[in-house]
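Okay, everyone, thanks for coming. I'd like to walk you through pockets and ring contacts today, so let's get the model up on the screen.

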Amino acid sequence: MGIVGLSASGGWAAGAHLPALSAVDGMELTALATSSRASAAVAGAAFGVPGYASVEQLVADENVDLVVVAVKVPRHRELVLPALRAGVPVLSEWPFAVDLAEAVEMEGAARDTRTFIGLHGRSSPAIRWPAGLVADGYVGDVLSATVLASSIEWGNPVSERMRYTLDRTLGATMLTIAFGNAIDVVSMVVGELQDVIASTATRRPIVPLGRTGQTVPMTAEDQIAVSGTLPDGAILSVHHRGATMSGPGFSLLIDGTEGTLEITSASGYPHLGPVTVRGARGRAPLSRLTLPDGHDDYPHLAGTPMHNLAHMYAAIRNDLLDGTATAPDFAHAVRRHRLLHAIIRSAADGRRVSI
């Protein structure tokens, strides 16, 4: 496989994707691509594989059977489309696109080429397990689900490298990154929202630029409140807060006719960090539930960002070899973008929007 954005100077691809990939049998880094010939040569030498200066050169390498796009969101389209035109399977990191229209375009360009989206929470053993509990009736019929989440970003000082996340038009905001990953986990457990009514706000329109003493504008939402209906009629309510230091990073409380489940994470990123699951049947108090044996194929990575990534790569490997469809694809990415688009429309128009 070839990774676009694998740099010798570090970053998400080098720090998370590569070690996760190395843990999975049958997956191997065979090439990489960066933004210039010079950086490609340096990275190629560092990782011991051919380094290319374009995705077109990367997909022409006969040893590349999967392209991983691990760069900033605004560049996804220009990198994904050439790989799809070459008929090479693509894994794109999430957020997928800058908006719904771009997501639909990329999904449509895939045609018969296999695609995958990096919503890592769907591969998490600690999330798949309680999703199974709900499906098997642990809480009975779901009555409601309540989410409270927070992110330390989007209001606190921002680095120059991450400054682009403050601009809502560039597709890498709290709504798409933090909320998008969290709501995908929630949807996996309790089902997809059928409609939404939303309120959003940018309560900190000016934020500090690192320690420079300067400030920069922020147009990204830092308060997101959503309510909607789940497939069986249950109600889901979500409040995601930016630049908040207190309270839970992520909490999902599911109330049912027969019991309760609670999934929590110290961070606002349950798709990355470890989660705690507590449950109760009837009127019993909540108690911690332990992940049963056999659910985790990479326990030595537990508690690290590589844990769910490794499970995702294993699912992609199996899908490519066996023709299965376990890992989420571009169609799922479009589904998630439709939800985010509905939230934006609802907040702008002040009305309930069907999805």
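This is a predicted model: local features need pLDDT of at least 70, side-chain atom pairs count only at pLDDT 80 or more; totals for chains, interfaces and linings use all residues.

Residues are numbered from 1 along each chain as its sequence is written, and side-chain values use heavy atoms, with hydrogens and water left out.

On a 1 Å grid over the protein atoms alone, a pocket is an open set of points where a 1.4 Å probe fits, with protein on both sides within 12 Å along at least five of seven lines, and lining residues have an atom within 4 Å of a point. Points join across faces, edges and corners, and the volume is the space filled by probe spheres set on them.

The largest pocket comes out at about 1,300 Å³. Its lining has 48 residues, and Trp12, Lys72, Arg161, Met162 and Tyr164 are the ones nearest the centre. Helices H1 (12-22), H2 (37-47), H4 (76-85) and H7 (174-190) each give two or more residues to that lining; helices here are DSSP runs of H or I, at least four residues, strands are E runs of at least two, and both are numbered from the N terminus. H2 gives the most, with three residues. By class, that lining splits into 26 nonpolar, 17 polar and five charged.

The second largest pocket holds about 310 Å³. There, 21 residues do the lining, with Ala126, Pro274, Val275, Thr276 and Leu291 nearest the centre. H6 supplies the largest share, three residues. The classes are eleven nonpolar, eight polar and two charged.

Phe96 sits in the loop between strand S5 (90-93) and helix H5 (100-110), and Phe330 in helix H9 (residues 330-349), so the pair ties together parts 234 residues apart in sequence.

Last one: Arg281 lies over the face of Tyr138, 5.0 Å from the ring centre. The cut-offs are NZ of Lys or CZ of Arg within 6 Å of the ring centre and within 35 degrees of the ring normal.

Terms used:
Ala, Val, Leu, Ile, Met, Phe, Trp, Tyr, Cys and Pro count as nonpolar, Asp, Glu, Lys and Arg as charged, and the others, Gly among them, as polar.
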